[in-house]
Amino acid sequence: MRLLTKKQHVICYCDFCGKSQDEVAKMIDGKHAFICNFCVDEAQKIIRPQLALVK
Ligand SMILES: [Zn+2]
């Protein structure tokens with residue numbers, strides 16, 4: 001999600017948690033969405049145990 005402020009400064013918001021780029025350390029720009037470093041961490045916590053089971 002991209003929004004323009006009054007100053008025409010583009011602010012990106014995480015599409016998963018809704019945090020703005022100013023609230024997070026890193027915003028990752030996808031083709032149609034953004035994800036912040038917090039959501040990447042959360043996703044890895046979910047994915048890692050499942051990947052371990054697959055191996
Ligand atoms: Zn997020």
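The dialogue below takes up the fold, the metal site, a salt bridge and the surface of this predicted model.

Q: Start with the fold. How many helices and strands does the chain have?
A: Count the elements, then read their order. The chain has 1 helix and 4 strands. Along the sequence they run β-β-β-β-α.

Q: Which residues coordinate the zinc ion?
A: Look for the donor atoms around the metal. Here they are the SG atoms of Cys14, Cys17, Cys36 and Cys39, at 2.3 Å.

Q: Why is the arrangement around the zinc ion called tetrahedral?
A: Check the angles between donors. Four donors count as tetrahedral if all angles lie between 85 and 135 degrees. The 4 donor atoms here subtend 107 to 117°, so the arrangement is tetrahedral.

Q: What spacing do the donors follow along the chain?
A: Read the gaps between them. The pattern is C-x2-C-x18-C-x2-C. Cys17 sits in the loop between strand S2 (10-12) and strand S3 (27-29), and Cys36 in strand S4 (residues 34-36), so this pair ties together parts 19 residues apart in sequence.

Q: Are Cys17 and Cys36 buried or exposed?
A: Buried means under 20%, exposed over 50%, and partly exposed in between. Cys17 has 37%, so Cys17 is partly exposed. Cys36 has 0% and is therefore buried.

Q: Now charges. Which side chains meet in a salt bridge?
A: Look for a side-chain nitrogen and a carboxyl oxygen that pair up. Glu42 and Lys45 do so, at 3.2 Å from N to O. The count comes to 1 salt bridge.

Q: Where do Glu42 and Lys45 lie in relation to each other?
A: Compare their positions in the helix. Both are in helix H1, 3 residues apart, so about one helical turn separates them. Glu42 is partly exposed at 44% relative accessibility. Lys45, at 55%, counts as exposed.

Q: Which residues make the nonpolar surface patch?
A: Look for nonpolar side chains at the surface. Ile46, Ile47 and Leu51 make a patch of about 280 Å². Ile46 belongs to helix H1 (residues 37-54). Its relative accessible area is 53%, so Ile46 is exposed.

Q: What share of the contacts join residues at least 24 apart?
A: Take contacts between residues at least 6 apart in sequence. Of these, 7% join residues at least 24 apart.

Notes
Residues numbered from 1 in each chain as written. Predicted model: local features only at pLDDT ≥ 70, side-chain atom pairs only at ≥ 80, totals over all residues. Heavy atoms only, no water. Donors = N, O, S within 2.8 Å, 3.2 Å for Na, K, Ca; no water. Tetrahedral: all angles 85-135°; square planar, octahedral: opposite > 155°, others 65-115°. Helix = DSSP H or I, 4+ residues; strand = E, 2+ residues; numbered from the N terminus. Buried < 20%, exposed > 50% of the residue type's maximum accessible area, 1.4 Å probe, protein only. Patch = residues over 30% accessible without salt bridge, like charges linked within 9 Å, V, L, I, M, F, W, Y side chains within 5 Å. Areas by Shrake-Rupley, 256 points an atom, 1.4 Å probe, with all protein chains shown as cover. Salt bridge = Lys/Arg side-chain N within 4 Å of Asp/Glu carboxyl O. Contact = heavy atoms within 4.5 Å.
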